[in-house]
Amino acid sequence: MIWLTWRQFRTQAAVLFAAVAVLAATLAVSGPRLADLYRTAGSGLVDQVSRADQTLYYTGLLVVLAVPAVIGMFWGAPLIARELETGTHHLAWNQGVTRTRWLATKLGLGAAASMTAAGLTSLAVSWWSSPIDRAVNGGGATDTYFPRLDPVAFAARGVVPMAHAAFAFVLGVALGLVIRRTLPAMATTFALYAAVQIAVPTWVRPRLAAPDRTTVPIEPDGAPISVQDEAGQIIAHLDEVPGAWITSQQTLDAAGQPAPVPSSFPDCLRTESGPPTLQQFEGCIADLGALGYQQQVTYQPAGNFWALQWAETGLHLGLALALTGFCAWWIRRRVT
């Protein structure tokens with residue numbers, strides 16, 4: 001059964017592992033040079049990275065983020081849906097192989113290959129990007145590069161991609177079992193996986209580790225301030241806490257209570273044409289600060305990276321195990 005599963009699966013596996021090998025070889029060429037540059041430049045590395053290495057940085061991010069989705073769509077969804085669609089599962093079950101063993105073999109081999117592919121890709125990209133990540137966490141400018149805790153970079157670093165791949169693979173298998181048609185199962189797998197990848201960093205990940213909070217004064221010489229929603233929302237930037245992931249902000253009034261930005265602030269910034277000048281902006285910020293307004297910032301510090309990594313890894317592996325149990329129940333009770 002293992003040999004048969006491997007024969008059915010080997011072409012897709014060979015294509016993906018070959019692509020991972022090409023990416024790893026490409027990164028290995030410039031990785032040592034980037035590490036040497038960090039040793040001499042420190043946090044200033046972010047201003048000295050070449051355009052070619054900048055392209056590699058973003059390519060690595062995209063590849064690691066895409067691997068679990070590709071695995072779910074092209075490995076997971078067709079794995080059983082194709083057999084159910086063509087009816088070949090009846091042949092396998094008539095050869096003395098039970099449904100449970102048939103499913104366990106396919107899930108076990110596919111999940112192991114999925115986690116290996118995602119793990120190798122994440123290892124190569126995390127190794128290559130580590131000088132840039134350390135530079136950003138050391139206070140380097142983040143205009144171009146993401147802190148490791150940023151939702152985009154977080155899912156492309158450490159051990160989380162392996163759990164994402166396992167979850168995406170089993171999700172694809174489960175949807176293939178239920179839908180029983182390959183193309184609809186592939187499309188649904190992509191849609192649901194993408195929805196989970198949006199929901200987890202938005203609502204779940206900020207609660208997986210205890211956050212820190214700080215209250216900063218609103219003043220021209222304080223924390224950098226920007227505005228959104230036509231000056232109806234204030235955003236404070238914590239440059240003194242490099243590598244942090246800001247999860248929420250709240251404006252406080254003079255009594256320390258949550259309060260909306262007063263209408264006088266957007267009125268102060270309003271001009272007849274064009275954006276306000278820097279001098280005008282700083283004057284409006286000073287007026288707001290004089291009224292006692294402050295900004296409360298909730299954030300995950302850079303030191304929480306591995307705590308969040310292991311917590312989210314456990315979450316996705318738990319979801320994968322739950323889907324595995326669902327697949328075992330469905331194939332025994334609902335598949336004929």
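Predicted model: local features only at pLDDT ≥ 70, side-chain atom pairs only at ≥ 80, totals over all residues.
Let's start with strand 1, residues 212-217, and strand 5: six bridges join the two, and they run antiparallel. Strands here are DSSP runs of E with at least two residues, helices are runs of H or I with at least four, and both are numbered from the N terminus. Two strands count as paired if DSSP finds at least two bridges between them.

Residues are numbered from 1 along each chain as its sequence is written, and side-chain values use heavy atoms, with hydrogens and water left out.

How many of the seven residues of strand 5 are buried? Five of them, so strand 5, residues 294-300, is largely enclosed by the rest of the structure. For the cut-offs, buried means under 20% relative accessible area, exposed means over 50%, and partly exposed is in between, with a 1.4 Å probe and protein chains only.

For contrast, take a look at Gln228 in strand 2, residues 225-228. Gln228 is partly exposed, with a relative accessible area of 41%. Leaving out residues up to four places away in sequence, Gln228 touches Gln233 and Ile235, where contact means heavy atoms within 4.5 Å.

Now the helices. The axes of helix 4, residues 99-137, and helix 6, residues 160-179, come within 8 Å and cross at roughly 145 degrees. Those axes are lines fitted to C-alpha atoms, for helices over the stretch in contact, and the angles run from 0 to 180 degrees between N-to-C directions. The crossing is right-handed, meaning the near helix is turned clockwise from the far one by less than a right angle. Helix 4 contributes residues including Leu107, Ala111, Met115 and Ser122, while helix 6 brings Pro161, Ala165 and Phe169, among others. By class, that contact has 10 nonpolar, four polar and one charged residues. Nonpolar covers Ala, Val, Leu, Ile, Met, Phe, Trp, Tyr, Cys and Pro, charged covers Asp, Glu, Lys and Arg, and the others, Gly among them, are polar.

Let's stay with Ser122 for a moment. At 1% relative accessibility, Ser122 counts as buried. Beyond residues up to four places away in sequence, Ser122 touches Val64, Ala156, Arg157, Gly158 and Pro161.

Next, the cysteines. With a disulfide taken as a pair of cysteine sulfur atoms within 2.5 Å, the count comes to one. That disulfide joins Cys268 to Cys284, with S to S at 1.9 Å. The link is left-handed, with -85 degrees about the S-S bond. Cys268 lies in helix 8, residues 264-269, and Cys284 in helix 9, residues 278-290, so the pair ties together parts that are 16 residues apart in sequence. Are the two ends buried or partly exposed? Cys268 is partly exposed at 28% relative accessible area, whereas Cys284 is buried at 2%.

And finally, the whole thing. The protein has 10 helices and five strands, and buried residues make up 44% of its 336 residues. Its C-alpha atoms fill a box of roughly 80 × 45 × 40 Å, taken along the principal axes.
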